[in-house]
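Here is a short briefing to read alongside the model. Take a look at the structure first, then follow the notes below.

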Amino acid sequence: MREEEIRDIIFDILLEIAPEADLKTLPHHGDLRKTLDIDSFDFLNLMIGLNERLGVDIPESDYEKLNTLSNMLTYLSARLG
Amino acid sequence: MVEFRMPSLGTDMKKGTLVEWKVKPGDHVKRGDIIAEVETEKGVIEIEVFVDGIIEKLLIQPGDEVLVGTPIALIRTEGQQETEIKAAAAEQDEGAQVKEGTESPLQYKACSIAAHRAKEQPEQTREKLRAEAGGEKRIKVSPAARKRAEELGLDLTTVRGTGPDGAISLADVEKAAIAGKPAERKAAWQIPTGPEGADFQLGMRRAIAAAMGRSNREIPHYYLETRIDLSRAVRWLTEENKKRSVKDRILPVVLLLKATALALTEVPALNGYWIEDRHQPVEAIHVGFAIALRQGGLIAPAIHHADLKSLDELMVDMKDLITRTRSGGLRSSEMTDATVTLTNLGDLGVESAFGLIYPPQVALVSFGRITDQPWVENGMIGIRPVVSATLAGDHRATDGRTGSQFLNALHRYLQEAERL
């Protein structure tokens, strides 16, 4: 799966969680949770969404590798590769 | 026959707008069934009925905005049950006559508060209430409102006026038009802009202002804080979550919730209300869980019997409650039943919180962020995940000694997460 496709899926899920977010201006290297004001419940929903859409079950110990959009894309590309 | 009245869904609610009836005359209903959807300052709430019976008559229409306490439906009950309800209602009426300026979330809250509120109304409001309940009144309408109603194809007899002598204003017509179209109704988070969103924001702020203003005026708060070592709890939870797929994982806040509920079983004085100038602890532990809304404001709906539920059940309940709080569909019992409130501001990064008690409750438990801190145990220093737990107590109801017993119990439960 191409990185753009993964990014679109991430954005889809993020829009459900934070409908007011302007994802076009989302910084690639900024802390995702802080930027979008995502609490632990929202973050869990993001993980569940990724699991449902991409079939990737992300262990809790990997959560810190998903802290920015850029890192999330790297991680998911590797897992799906 | 029982008059079902517009329930009060919190100390801050004064009126509600009927969005939709879920029943029609002749329908059988059971206690706990959802019979209507009502729009309040806190969004659209599903209203549960409190008796078994048959719907005799619906007294208001979708779009009607009525004061808390206004009869909205007649329900026919049968035999013994009816006698009991009458007796209970009479008791509540009596209580309401004697006591002023308080509400009773005990027994059947909506009913008792409704009866009480109606008595509290000044004469002018009471007349309006009667007029609204009776439905027999000459309609006064502003020219702009009449024009707009025609444009919208809205029947003016279904619009409740909020102007002088119940005159219908343009705003009333707009509100009725919005409320009358459930299909176009938007969830709270979908209304960040425009007059509708501004109204919701204003309503929400006013609701919070009323409750928190009263809390700060009336409740002499005392605060206690303790830091709790969560290393055992976090380790246990990490191991537990490793075995689970992402859908079934438990968040740390669920451990805090369950430990809070269990600690309250040991220190029951903090679970309950201050009503009618006295402390009224209750046995059932319904934890109001403060949920922030993305567009601002918060709601603290109740997680029922939190002490009796497993961590898995609590996680499911919490997910469901957060989802419904943010997208609409909370039930009336969830809005009124909380016996204590828990806030977890730590999730957003603060280390500790000192909040205001939600009246008529007598305690608020706050947790901060779980952070790695230096910790000394048995003469050894190490780095541990630590959380700050704060108790706000109502000093009329309890003293610091009771509060510290609670925090100690909470600490103890969190050292044995596997038993939660």
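Chain B holds an open sheet of five strands with mixed pairing, in the order β7-β2-β4-β5-β16; strands here are DSSP runs (E, at least two residues) and helices are runs of H or I of at least four residues, numbered from the N terminus, and two strands pair if DSSP finds at least two bridges between them. This is a predicted model, in which local features need pLDDT of at least 70 and side-chain atom pairs count only at pLDDT 80 or more, while totals for chains, interfaces and linings use all residues. Residues are numbered from 1 along each chain as its sequence is written, chains are lettered from A in the order in which they are written, and side-chain values use heavy atoms, leaving out hydrogens and water.

**The sheet in chain B**
- β7 (65-67) and β16 (330-331) of chain B are the edge strands, each with a single partner, so one side of each lacks a neighbour in the sheet.
- β2 (residues 15-21) and β4 (residues 34-40) of chain B run antiparallel to each other and share four bridges.
- B:Thr17 has B:Glu39, in β4(B), as its bridge partner.

**The interface of chains A and B**
- Contact (heavy atoms within 4.5 Å) links 21 residues of chain A with 17 residues of chain B.
- The buried area, meaning the accessible area (1.4 Å probe) that two parts lose on being put together, summed over both, is about 1,700 Å², and carbon and sulfur atoms give 54% of that.
- On the chain A side, A:Phe41, A:Leu44 and A:Glu60 lose the most area to chain B, together 34% of what that side buries.
- Five salt bridges cross the interface, each a side-chain nitrogen of Lys or Arg within 4 Å of a carboxyl oxygen of Asp or Glu.
- A:Asp57 and B:Arg249 form a salt bridge through their side chains, at 3.1 Å from N to O.
- In chain A, α2 (32-36) and α3 (40-54) each supply at least two residues of the side that touches chain B.
- The largest share of that side, eight residues, comes from α3(A).

**Confidence in chain B**
- Mean pLDDT (the predictor's confidence in each residue, from 0 to 100) is 80 for chain B, with 75% of its residues at 70 or more.
- Within chain B, helix α2 (residues 109-120) has the lowest confidence, a mean of 33, and helix α11 (residues 400-414) the highest, at 98.
- Residues 90-137 of chain B stay under 50 in pLDDT, and the model gives them 77 contacts beyond four places in sequence.
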